[in-house]
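Please keep the sequence and the model in view while reading.

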Amino acid sequence: MSSPIPFSPDQLTIVPANEASREDIAAVFGTTDAGRCQCQRFKVAGWIWRDTTQQERTEMLGSQTACGIPAAAETSGLVAYVDGEPAGWAAVQPRTAYPKLRTSRVVWAGRGEDKDDDGVWAVTCLVVRKGYRGRGLTYPLAAAAVAHARDRGARALEAYPMITHPGKQITWGELHVGAHQVFEEAGLKEVTRPTVRRAVMRIDFADTPRGLS
């Protein structure tokens, strides 16, 4: 059986989420875990399923993305389109925008950085719409997140991906943080490996000539 063919660059358009509509993001998330979470796992200070309702999470995402407001100064992610159809999402913002990252052992094990440094951005979630999976869409999404963070003035960008192994299946729910090889191809380097399944990866833009990220 041949492997699925990746989407070609001319099929793809990736835009800041404020240039997309709420309906487009809802189509990407669907009704699975992503649709229930609404990308609030790292935003809600408490336990997401106890301390928020579905409606509250949906409204939070709408406010954070500023969907449908192209002139908005800030947004919380990127939306990918394949042949004009909404197909993917990447959450990318300053690391300080994610309260849950402050207390994450994965993020901070063996590190002594300033947790309030808003010059460091983070990619916390990659979502691919059902029907578009298995064709490498997370790779251009990660690359676009790097470019987006740099263009918005970030000093560095981090990700906290899963370590995947050939032949070992990982559910899409677990892979919402992305896979190690996806961010490696986007130019991030491993900083720490706090657990056997998770890594901290980073790109420092001061060390990367423009055009190579």
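The text below takes the cysteines, then the aromatic pairs, then the charges placed over rings.

The model is a predicted one, and a search of the whole structure finds zero disulfides. C37 takes part in no disulfide, the nearest cysteine sulfur being that of C39 at 6.2 Å, and C125 is likewise in no disulfide, with the sulfur of C39 as its nearest at 4.1 Å. C37 counts as buried because its relative accessibility is 14%, and C125 counts as buried at 9%.

The count of aromatic pairs comes to two, and their geometry is set out here.

| Pair | Centre to centre | Angle between planes | Class |
|---|---|---|---|
| F7 and Y132 | 6.1 Å | 45 degrees | tilted |
| F29 and W89 | 5.7 Å | 90 degrees | edge-to-face |

F7 lies in the segment before β1 (12–16) and Y132 in the loop between β4 (120–128) and α6 (138–151), so this pair ties together parts that are 125 residues apart in sequence; both F7 and Y132 are buried. The other pair also links distant parts of the chain, with F29 in helix α1 (residues 22–29) and W89 in strand β3 (residues 85–94), 60 residues apart. F29 is buried, with a relative accessible area of 3%, and W89 is buried, with a relative accessible area of 1%.

Turning to the charges, the charged end of R36 sits over the ring of W49, 4.2 Å from its centre, while K43 lies over the face of Y98, at 4.8 Å from the ring centre.

Key. Residues are numbered from 1 along each chain as its sequence is written. This is a predicted model: local features need pLDDT of at least 70, side-chain atom pairs count only at pLDDT 80 or more; totals for chains, interfaces and linings use all residues. Side-chain values use heavy atoms; hydrogens and water are left out. A disulfide is a pair of cysteine sulfur atoms within 2.5 Å. Buried means under 20% relative accessible area, exposed over 50%, partly exposed in between (1.4 Å probe, protein chains only). Rings of Phe, Tyr and Trp (its six-membered ring) pair if their centres lie within 6.5 Å; planes under 30 degrees apart count as stacked, over 60 as edge-to-face and the rest as tilted. Helices (H or I, at least four residues) and strands (E, at least two) are DSSP runs, numbered from the N terminus. A charge sits over a ring if NZ of Lys or CZ of Arg is within 6 Å of the ring centre and within 35 degrees of the ring normal.
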